Amino acid sequence: MSGRQVTNRISGGVIVVLSLLALLTVSIGYTQPPLPDEGTLAHIFQLSIAALVPMIILFLATADWKQPWQSARLLAFAAAVLVVAFGALYYMEHYFYPQHYR
């Protein structure tokens, strides 16, 4: 396995972990009362989203474009997890604790 393949596998794994971490932090937020200011979970969410950008760039730069479906599957999974995470965050801010976020 070449260094490029190893880098691609690691960056792909990091993308999945960061996406799941974002979803986990939002999910944990449902179990806690709203804070007057952003708490640790909000910062972890923001950092995981910010860290996704360079990881996706690295993943795409090292991808094997002879097998694009392998890369596409991983990115589609990560994107689906992020859509759920952002959807849950939107729901929490607008419907779960609407009086706190206005």
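Let us begin with a term for surface exposure: a residue is buried under 20% relative accessible area, exposed over 50%, and partly exposed in between, using a 1.4 Å probe and protein chains only. With that in hand, Tyr-90 is partly exposed at a relative accessible area of 45%.

A word on the model itself. This is a predicted model, in which local features need pLDDT of at least 70 and side-chain atom pairs count only at pLDDT 80 or more, while totals for chains, interfaces and linings use all residues. Residues are numbered from 1 along each chain as its sequence is written, and side-chain values use heavy atoms, with hydrogens and water left out.

Now for the overall fold. The protein chain has three helices and zero strands, where helices (H or I, at least four residues) and strands (E, at least two) are DSSP runs numbered from the N terminus. Read from the N terminus on, the elements run α-α-α. The radius of gyration of the chain is 16 Å, well over the 13 Å that the globule rule gives for 102 residues, so the chain is more spread out than a compact globule. Here the radius is taken over C-alpha atoms, and the globule rule is 2.2 Å times the number of residues to the power 0.38. Along its principal axes, the C-alpha trace spans about 50 × 20 × 20 Å. Of the 102 residues, 25% count as buried.

A pair of aromatic rings is described by the distance of the centres and the angle of the planes. Rings of Phe, Tyr and Trp (its six-membered ring) pair if their centres lie within 6.5 Å; planes under 30 degrees apart count as stacked, over 60 as edge-to-face and the rest as tilted. The structure holds three aromatic pairs. One of them joins Tyr-90 and Tyr-95, which are edge-to-face at 6.4 Å centre to centre, with 65 degrees between the planes. The rings of Tyr-91 and Tyr-95 have their centres 5.6 Å apart and their planes at 35 degrees, so this pair is tilted. Tyr-95 counts as exposed at 53% relative accessibility, whereas Tyr-91 is partly exposed at 42%. Tyr-90, Tyr-91 and Tyr-95 form one aromatic cluster.

Elsewhere in α3 sits Ala-76, which is partly exposed with a relative accessible area of 45%. The C-alpha atoms of Ala-76 and Ala-63, 13 residues apart along the chain, are separated by 14 Å.
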